[in-house]
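Dear colleague,

Please find the structure below, handed over for your use. The findings follow directly after it.

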Amino acid sequence: MSHRPPRIALALLDQLLPEESFEAVTGDLVERFERTAESSPMRARLQFWRETLAALTQLQWLPDRITAFTPYSRESRMQSLLSDIRLSVRVLARAKGFTVICVATLAIAIGAATAIFSIANPAILSALPFPRPEQLVMVFERSKEGVSSRTGYATISDITERATVFSHTAAAADWDATFIGEHDAERFRGMRVSWKYFDLLGVRPVIGRGFVQGDDIVNATGPMIISHGLWVRRFGSDSSIVGREVDVNGVKRVVIGVMPPSYEDVLEPESQAWRVLGYGPTNNSSCRGCRHLQFIARLKPGVSREQADREVNGLALQLSKEHPTEYATPGGVVLGLQDRIASQAKPVLLALLGAVGALLLIAIANVTNLQLARAIRRDEEFAVRAALGAGRGRLAHQLFAEGLVLATLAGVAGTVVAAVALPLLVSLLPAAVPRLQAIRLDASALFVVAAIVLVVALVMGVAPAWQAGRRRLFDALRSGTRTLGLVHHRARSGIVVTEVALAMLLLAGAALLGRSLMRLMDQNAGFDASGLVTLDILATGTRYSEPGSVLANHERVLEAVRAVPGVLDVAMTHQLPLGGNWDRYGVAAMDKPLANPSLAPDADRYTVTPDFVRAMRIPILRGRSFTDAETRDTIARVTMVSDALAKRLWPGEDPIGKYIRVSGPTRPWWRVIGVTGNVRHTGLDADVTYQFYTAERQWWWEENAMTLVARVRGEPRAVAPAIREAVRGVDPLQPMAAVTTMDQVIARSTAQRRLGLVLFVAFGVIALLLATAGIYGVLAGSVNERTREFGVRTALGATSGAIARLVLREGAVLAAAGLAIGLGAALVLSRYLRTLLFGVEPTDPIAMLVGATIIAAVALAACLIPARRATRVDPMAAFRQ
Amino acid sequence: MLGELEQIVMLATLRLGGDGYGVTIQDAIRRATGRDLTLGTIHKTLVRLEAKGLIASRMGEAEARRGGRRKRHYDVTPAGVKLLKASISALRRMAAGLALGLETR
């Protein structure tokens, strides 16, 4: 035996093909080596390596190796798994603290991940619940900003007539539906749709019938379809509902159908009622410039979206040649329906999926870390079991079974967490998240839980086995040296560094979102939002059919509210800034005629009662506001324009006394009497839009749906009930809705950002706690192992400060490494948050600094306890150990 | 029908008359076919055959030149012999009359 086989190869064999099961294989390899080495030692070594690699690749994953080679061969694998699980349950029941911490940590992360997945799934991950959803598209006209969200009826009917790529097309408009009963009136969101709308989507009412062509006649009033929810709630699931006459907005409508419970309108998720559009070419609202309709279509089978896009663009260009004054930016676009409806919510949902993924990784890292620490302490147990004949495979199976039991418990608990958290999250979600009603813990969510459980079980089972293997390997390589601590330490430190990095990533995200929201709230809305009560009122029905009766009602309401104690100013407007409304008109100046009237700037219309700008504290920069007397004049119309609109129409000129015309050449002229400050209408994060103000008495129809705004002294919520009562006192049947404060209206307009921020902060805090626990665990373990060393140092005269520094340095290295990696990752990944940021760069140094400072401070705190313990080591006790 | 590798390993085991083990089976195959199968491949095939009940194994004595490790000896079971016969006669029938010069006796 002058030659010995390569030791590293032998160690590898021992590590991956343990002696207990593979003695004969390794023996064969060694014998082959000896035989060859007699003639050529060099060839024998090479051959041994080749044989080793072949044996490892051929045999390591052999499923039969357990049954074929171990003393357990008579036991079926199922039986052995069951006995492993029984043993695991006993072991885990004994280690209560460990089990509870692991299950709790994992349950929170699994619950969060499942809840976020369930929210994102219907909106962006799974297909829309319609037949052949990939054929559903939306059609848009081009506009200055890209695409115009709404289209005029004439354009839709022209494209429908000429296009060859669509099997169905339909138009849809918003509809405010107030159901008037004998004792009450309730206001719902509804839609006016082409009769083909539901056929296009491929859904049918569960009760009654859908719309047919005969329903959709010009100025149609009659038939109406209602949602399942409305049928249950307002009509008590009455089975004879079909044919029932209902008073809606003062018009008798006949219910012809009830939609299925699962139906949620993709264009208007809150819609509860549908009536036919009833437009024809002669309808007032069917002009090309009346851009208030959504245009939805279904592609013919085999037609791609790109094909449709090309054709529609061609048709739109053709239309703009035929009607040169109607289209400002020629061209058309076809977008997938799902892409379009999810476009707003997608960035925040993707960011949240990423964040919750990071949280899940941290949780898994943490329990793995605990499991590793525990495995070290269980060395003796394993040694005894090995001595009693348990093979390496058997021990690995045992660890896997323990992981499986833990992960399954956590999976069940996590599902409960998700079930509790999901309704809560859904109530916080902004309406912009599509398909809210489809959010539930379904089979796909449970599948996600199962997948996570399996991964956790594998990681928890494999990590200790891997660690144990490394230890033996190292032992074999440098026999005699004690390397246990080092190896175990390295693995656990790596995990802790990863945790710190992920926590840094989440905190940096949270800081970026927080800074964005702060910037947003600092944004000047153009009015004073504090101390404002708002409520929607509606004057509708037969009592308000007389001309002037709506205005008279408004006057009485204003008078009643003005008398409420604490009310300083009160006014009404037909749309509220930041309220999510969209009512814009092209504004033309009399002294600046345009060749193409479509190029006139679009401005938000505010049709108001005279005191509106005062109640809102919108500043008047030039001129004055309306006087009560001049708004009663129905001939000489007066208006105020916003500063931006004045500068756009008359740069460098005095706008006072100039005339404007809105909504087309047939309309009257308005004299400008004042210039107001700009107001953010579409969103605090949106660009400044143009506005013009008209008195409601001078607008050419009576606005029966108005929002009342009351500026009050003190807390708005305290005065709101009294205002409500005052309105009720004028007309008890008058529907009222959305009694709220302007601050809440603004909060709602930023709901998506707030939700993103809240979740990022929550995930960040949990991640931070877990990472801190990780640092603490590693340091505490290390202090334990080094008790002797600290004893020696103290005995040799090291001060407690020097000892504490030793420990702190170890912790600082871990934290700094994690911070550096996390910061790098944050700088790279934060650009995926860009669409959620406002006024802050993705690499904002302050946000990064905030994240890093929090991590550093908390990490330091985590180091303090182990450091203190190290300084308290009694040298005598340490030696006696 | 047995796989080619399985046939070769079983035939080599039969030749060694119940005393064969990894190294000698490897040598027997190399001598008869010139193919240099790795011990890993041979053991994998043996494990598979044993799981199917076509061969049986017993542990032998430890030897110094094996680093103190025991041998595992293999023998073909009656079921294995039966299947081997069926497999080879199937090959024969497939080759019959093809003038490949296979009909030596």
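**A network of salt bridges**

A network of salt bridges links A:Asp28, A:Glu31, A:Arg32, A:Arg35, B:Asp27, B:Arg30, B:Asp36 and B:Arg66. Please bear in mind that this is a predicted model. Over all chains, the count comes to 48 salt bridges, and six of these are counted between chain B and chain A. A further salt bridge to note is formed by the side chains of A:Glu23 and B:Arg70, at 3.1 Å from N to O. In general, side chains of opposite charge can pair when their charged atoms come close.

**Where the two chains meet**

In the interface, 28 residues of chain B are in contact with 26 residues of chain A. The two chains bury about 2,400 Å² between them, and carbon and sulfur atoms give 52% of that area. On the side of chain B, the residues that lose the most area to chain A are B:Val47, B:Arg65 and B:Arg69, which together account for 28% of what that side buries.

Polar contacts between chain B and chain A number 13 residue pairs, with both residues at pLDDT 80 or more. Three elements of chain B, namely α2 (22-33), α3 (39-51) and β2 (69-76), each supply at least two residues of the side that touches chain A. The largest share, eight residues, comes from α3(B). By residue class, the side of chain B that touches chain A divides into nine nonpolar, eight polar and 11 charged residues.

**Chain A as a whole**

Chain A has 881 residues, of which 53% are buried. The chain contains 27 helices and 22 strands. Its accessible surface comes to about 38,800 Å², and 59% of this belongs to carbon and sulfur atoms. Among contacts in chain A between residues at least 6 apart in sequence, 80% join residues at least 24 apart.

**Two buried residues of chain A**

A:Trp274 lies in strand β9 (residues 273-276) of chain A. Its relative accessibility is 1%, so A:Trp274 counts as buried. Which side chains make polar contacts with the side chain of A:Trp274? One is that of A:Asp265, at 2.9 Å, and another is that of A:Ser271, at 3.4 Å. A:Trp274 also lies 8.7 Å from A:Pro223, C-alpha to C-alpha, although 51 residues separate the two in sequence.

A:Asn121 is placed in helix α6 (residues 96-125) of chain A. With a relative accessible area of 10%, below the 20% limit, A:Asn121 is therefore buried. Leaving aside residues up to four places away in sequence, A:Asn121 touches A:Ser126, A:Asp442 and A:Ser444. With A:Ser444 there is a polar contact of 3.1 Å between the side chains.

**Salt bridges within a chain**

A:Lys592 and A:Glu653 form a salt bridge whose closest N and O atoms are 2.6 Å apart. This pair links distant parts of the chain, 61 residues apart: A:Lys592 is in the loop between β14 (584-589) and β15 (602-608), and A:Glu653 is in the loop between α20 (643-649) and β18 (659-662). A:Lys592 counts as partly exposed at 32% relative accessibility, and A:Glu653 counts as partly exposed at 32%.

The side chains of A:Arg632 and A:Asp628 also meet in a salt bridge, at 3.3 Å from N to O. A:Arg632 is partly exposed, at 44% relative accessibility, as is A:Asp628, at 40%.

In chain B, a salt bridge joins B:Lys71 to B:Glu63, with the closest N and O atoms 2.5 Å apart.

**Backbone angles to inspect**

Most residues other than glycine have a negative phi. A:Arg132 has a positive phi, near 40°, and is found in the loop between α6 and β1 (136-143) of chain A. A:Arg132 is partly exposed, with a relative accessible area of 49%. A:Ser237 likewise has a positive phi, near 50°, and lies in the loop between α9 (228-235) and β7 (245-248) of chain A. At 32% relative accessibility, A:Ser237 counts as partly exposed.

With kind regards

Conventions: Residues numbered from 1 in each chain as written. Chains lettered and ligands numbered in written order. Predicted model: local features only at pLDDT ≥ 70, side-chain atom pairs only at ≥ 80, totals over all residues. Heavy atoms only, no water. Contact = heavy atoms within 4.5 Å. Buried area = accessible area lost by both parts, 1.4 Å probe. Salt bridge = Lys/Arg side-chain N within 4 Å of Asp/Glu carboxyl O. Polar contact = N/O pair within 3.5 Å; in protein donor to acceptor, adjacent residues only side chain to side chain. Helix = DSSP H or I, 4+ residues; strand = E, 2+ residues; numbered from the N terminus. Nonpolar A, V, L, I, M, F, W, Y, C, P; charged D, E, K, R; others polar. Buried < 20%, exposed > 50% of the residue type's maximum accessible area, 1.4 Å probe, protein only. Areas by Shrake-Rupley, 256 points an atom, 1.4 Å probe, with all protein chains shown as cover.
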